[in-house]
Amino acid sequence: MDPEFARLFALDGKAALVTGASSGLGVAMARGLARAGANVVVTARRRERIEETAAMVRSFGVRSTAIPADITVDAELEALYREAVAEYGRLDIVVNNAGYTDRSGLRHDQASAKRIRSVIELDLLATALSCRLAAQHMLADGGGGVVINVSSVLGRVGSEFRAASYHAAKGGVDALTRVLALEYAREGIRVNAIAPSYFEGTEMMDQVFEQTPGTRAQATSRTPMGRLGRPEDVEGAVVFLASDAARFVTGHILYVDGGWGAGGGYHQLPPPWESEPGKQAW
Ligand SMILES: NC(=O)c1ccc[n+]([C@@H]2O[C@H](COP(=O)([O-])OP(=O)(O)OC[C@H]3O[C@@H](n4cnc5c(N)ncnc54)[C@H](OP(=O)(O)O)[C@@H]3O)[C@@H](O)[C@H]2O)c1
């Protein structure tokens, strides 16, 4: 590979912040950024878990700081940014990954207002407020930056999974991403999102798969590539969006989904024409 071209993907010396870095996709994204050369501030509520992520990040020869915070508490989110900027001088890359879904299995009319509020507060509101702080710091510094929000394929389509507040929050994240991309396009801040399909190896989905075992087979059957995502599948996507290789990419929702979004989750195996050899589907 032309080394100059490879440099397009390098993040050497950049300062990144990853939320939700105590588990699942956040750990993988912190790893991807570190492998590309970025120093990474990792945050979540569980201190020991982010200390582990920070140690893993440092094993790639870059710096890492673990700063615990509940990002739904404004004062903690603001303190997180203050500490991160004090430590690294600036933030070049912010990944808003922390999120969770409503696993009650209840229809919207039966869901508690408290649960609906908590999903919207973490997945949408904390993401919006974090984007705001990221932009304030990047604008004050004048050097531009990159914001990457973590949405979901469920931000684009409905599903039967009885998680209306999650769909609404992630749809909001998509809209927020597009609008902020426009607002900051002239100031060198790119705003994009990654929208995963169903991934295993994360706390959120492993609990869903454990509580409702049929979900795993159903989610797999609807993924054209025939398998669930794995945390390492998002590493390349986050590095691409964070790097100069994506310098003209903003307001984009990057689906990392094994083709799930191409069919809106309609794909199911086996299709009727495969299960009945020689017979046309219609
Ligand atoms: N896994 C999938 O199939 C999938 C599919 C589509 C989209 N996503 C999205 O990907 C992102 C990561 O999900 P995941 O599957 O990796 O889930 P996960 O393993 O459950 O990780 C969620 C992360 O969010 C953090 N978090 C939760 N509440 C928080 C709060 N109030 N303040 C700060 N951090 C908080 C958790 O850390 P603490 O508990 O330590 O605070 C944890 O690090 C989410 O936005 C999710 O919606 C996942």
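I looked up burial to begin with: of the 282 residues of the protein chain, 44% count as buried. I note that the model is predicted.

Next I checked the overall dimensions. The C-alpha atoms fill a box of roughly 65 × 50 × 35 Å along the principal axes. I compared the radius of gyration with the rule for a compact globule: 282 residues would give a value near 19 Å, and the chain has 19 Å, so the two agree.

I then listed the secondary structure and found 10 helices and seven strands. For contacts with a separation of 6 or more, I found that 72% join residues 24 or more positions apart.

Which residues have the most contacts inside the largest nonpolar core? I found A16, V18, A30, L33, V40, V42 and V238, in a core of 77 residues. Helix 5 (residues 113-141) gives the most to this core, with eight residues.

I turned to the ligand. I counted 29 residues around it, the closest being G20, G24, R45, G99 and T202. Helix 2 (24-35) and helix 7 (203-211) are the elements that give two or more residues to this shell. By type, I sorted the shell into 13 nonpolar, 11 polar and five charged residues.

Last, I looked at R162, in the loop between strand 5 (145-150) and helix 6 (164-184). R162 has a positive phi of about 50°, although it is not a glycine. Is R162 buried or partly exposed? I put R162 down as partly exposed, because 16 other C-beta atoms lie within 10 Å.

Definitions and conventions: Residues are numbered from 1 along each chain as its sequence is written. This is a predicted model: local features need pLDDT of at least 70, side-chain atom pairs count only at pLDDT 80 or more; totals for chains, interfaces and linings use all residues. A residue is near a molecule or strand if its C-beta atom, placed from the backbone, lies within 6 Å of it. Helices (H or I, at least four residues) and strands (E, at least two) are DSSP runs, numbered from the N terminus. Ala, Val, Leu, Ile, Met, Phe, Trp, Tyr, Cys and Pro count as nonpolar, Asp, Glu, Lys and Arg as charged, and the others, Gly among them, as polar. A residue is buried if 20 or more other C-beta atoms lie within 10 Å of its own, exposed if 12 or fewer, and partly exposed in between; C-beta atoms are placed from the backbone. A nonpolar core is a set of buried Ala, Val, Leu, Ile, Met, Phe, Trp, Tyr and Cys residues joined through C-beta atoms within 7 Å. The radius of gyration is taken over C-alpha atoms; the globule rule is 2.2 Å times the number of residues to the power 0.38. Two residues are in contact if their C-beta atoms, placed from the backbone, lie within 7 Å.
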